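Please examine the structure shown here with attention to its chains, its sheet and its helix packing. A short briefing accompanies the view.

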Amino acid sequence: MGKLYEELSQDYRVVEGLKTCINCGTCTAICPAAEFYKYDPRKIMDIVQSKDDAEIEKLLKSDVIWYCGECMSCVTRCPRKNGPGLVLMALRNLSAKKGWFTCSEKGRQLYPLTKMLTGNILNYGYCVYPETFKWEDHKESGPVWKWHTEHLKDNFERLGANYQGKGPGVLRKIPQESLDELKRIFDVTGGTERIEFVEQCSRKKAEEMGMDMEEYFRMTFETTSEGHLNNED
Amino acid sequence: MIYQGKQKIWSEYQKEIPDDRWFYVRSCIRQNFFPGSERMFMEICRNVLGKDFYETEHHTTCGGIAYHCDTIPQETVMTIVARQFALMTEAGYENYVASCITSFGNYAEILETWREFPELEAKIRELLWKACRREFNKPKYLAHASDLIYKYRNEIASRAKYRLVNKETGEPLKVVEHIGCHYSKMFPSKGVGGAEYPYVLCGMVEAWGGNVIDYPERRHCCGYGFRQYHVKANRGYSLSNTYKKFESMEPYHPDMIITNCPGCPYFLDRWQYVIAESEGKTYGQNGYGIPVFTYEEVAGLVLGYDPWDLGLQLHQVAVEPLLDKIGVEYNPEDKYKGLNKKDIMRPGLPDVLKCC
């Protein structure tokens, strides 16, 4: 057994998600990601249970582990009660921990994701927040959302929300003392360390690619190369 | 009692849902996109049915989206959840109800993981104490908010002003039900009816007069995929999954879709707009889309609430064709008005998708 596998097998999601995989491929058959991307969860399970560190390292540096949508449809269908989706989460966690996520295009997307989501949590107490969910970045949300974002206060007031207000209710302002507690939770559980490490690795990668961090953010958030999809060469 | 065959299997997916005294936690996505739905949930539970549903301003996100976008470690999300449980404990409640399906799946996963690995629960208790000086009891009962509306479905039906019936033909409306993946795909026994035949939304539709229609991709994901939507470069994944579902349901001519997940109604609504504008294809009648609703919006409609009080003006797919089929009264002039009929302009119209 290799050291990487040993580290991976410490993750509760691997303990729970990889018991007795028979490599039947049911997970791949049901997987929405496998239909879209060049992705085969059966092969990933096979590599992980091979305990071959060289192969696992290749996985951790690849695009492949970032294709899963974590819908967990595979968990329902597996005839042996494995959870390939859980194993994928553990692989991604290890890739982030090792700083290997910057080796792949899809892995590098961890930078904008971390910046957006943990920023929303620590600044507002929500994962998604109106002030940061811009229509310009979400044009699929349609003309109705454009109109909504131009009249946020009026629309939320009309619908009985407590937008940025005191007390309970929809989109209330979460009290500062509660946000302070979230920050301390991040500090003691490794959340803050993770944010800083993702930033540090991404900064290094941006330098290698000759970009400043704003350019790197836009590139990782907006662009994708050919070759990820099933119908591409 | 001796259970046999299917009866025994089915019994594993029945939930004895407590009737009253709930600690309520909100959904990040629903507060943004369906603010009227959460308000309607509280209105029905507290004011129509007289139940005790408590909410504190101090609760926060559960961190579920950040966790499923792989941006925070497992210990971080577990300690955020432990803090939510501490707030419940301090408020004197034991039944915990989440508005969000991602949260519900997150809570179920965490409670199951702690059950199997008590040393991890002990570690999280220490981390919570270190960070917040709080302690917690685990909920005696964990529910998703749709479980409660399912439980109250017959009481809602007994107070209904409208039914899910075509007023012209007298025929039940054809309803697609879409269940959020994290409701029961991970832990089938936690959802009403399990993962294969979830009954939580079917029960509502049947109680309120509609007919649930079956179609091949009924259990397929809407395509949220967390990082597959939040990163702009990946959104083709999300769109392709929704497209697959609509192509599959199209031959059955659904009148409407009911959902119990925060993201699903947003994606099933907005990607119809994108498919219409980019491919010229619409799935409803006469150039309209198929309207997509949350279960609270449907409950609110059958109870006779004004559609614009429910927030149906924030949908991109027009709901009016469905309101007209049922015979719901509404004033088209009020659709895009602010409070006290304040004029706040109106959205632009799509080029292809027909809107009102």
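The points below are grouped by topic.

The model is predicted. Chain A has 15 helices and zero strands, whereas four strands of chain B form an open sheet.

**Chain A**

- The C-alpha atoms of chain A occupy a box of roughly 55 × 40 × 40 Å along the principal axes.
- Of the 233 residues in chain A, 46% are buried.
- Among the contacts in chain A with a separation of 6 or more, 64% involve residues 24 or more positions apart.

**Contact between the chains**

- Chain A contributes 68 residues to the contact and chain B contributes 75 residues.
- On the side of chain A that touches chain B, there are 35 nonpolar, 20 polar and 13 charged residues.

**The sheet of chain B**

- The strand order in chain B is β2-β1-β3-β4, and the pairing is parallel.
- The edges of this sheet are β2 (53-54) and β4 (141-144) of chain B, each of which pairs on one side only.
- Strand β3 (residues 95-98) of chain B runs parallel to β4(B) and is joined to β4(B) by four bridges.
- B:Val97 has B:Ala143 of β4(B) as its bridge partner.
- Helix α6 (residues 101-116) of chain B packs on the sheet and touches β1 (22-25), β3 and β4 of chain B.
- The direction of α6 makes about 155° with that of β4(B).

**Packing of α5 and α7 in chain B**

- The axes of helix α5 (residues 74-91) and helix α7 (residues 118-132) of chain B come within 9 Å and cross at roughly 70°.
- Because angles of 65 to 115 degrees count as roughly perpendicular, α5(B) and α7(B) are roughly perpendicular to each other.
- From α5(B), the contact is made by B:Glu75, B:Met78, B:Thr79, B:Ala82, B:Arg83 and B:Ala86.
- From α7(B), the contact is made by B:Ile124, B:Arg125, B:Leu127, B:Leu128, B:Ala131 and B:Cys132.
- By class, this contact of α5(B) with α7(B) has eight nonpolar, one polar and three charged residues.

**Positive phi values in chain B**

- B:Arg21 lies in the loop between α1 (5-11) and β1 of chain B, and its phi is near 65°, a positive value in a residue other than glycine.
- B:Arg21 is partly exposed, with 14 other C-beta atoms within 10 Å.
- B:Arg133 lies in the loop between α7 and β4 of chain B, and its phi, also in a residue other than glycine, is positive and near 55°.
- B:Arg133 counts as exposed because it has 10 C-beta neighbours inside 10 Å.

Terms used
Residues are numbered from 1 along each chain as its sequence is written. Chains are lettered from A and ligands numbered from 1 in the order in which they are written. This is a predicted model: local features need pLDDT of at least 70, side-chain atom pairs count only at pLDDT 80 or more; totals for chains, interfaces and linings use all residues. Axes are lines fitted to C-alpha atoms, for helices over the stretch in contact, and angles run from 0 to 180 degrees between N-to-C directions. Helices (H or I, at least four residues) and strands (E, at least two) are DSSP runs, numbered from the N terminus. Angles under 35 degrees count as roughly parallel, over 145 as roughly antiparallel, 65 to 115 as roughly perpendicular and the rest as oblique. Two residues are in contact if their C-beta atoms, placed from the backbone, lie within 7 Å. Ala, Val, Leu, Ile, Met, Phe, Trp, Tyr, Cys and Pro count as nonpolar, Asp, Glu, Lys and Arg as charged, and the others, Gly among them, as polar. Two strands pair if DSSP finds at least two bridges between them. A residue is buried if 20 or more other C-beta atoms lie within 10 Å of its own, exposed if 12 or fewer, and partly exposed in between; C-beta atoms are placed from the backbone.
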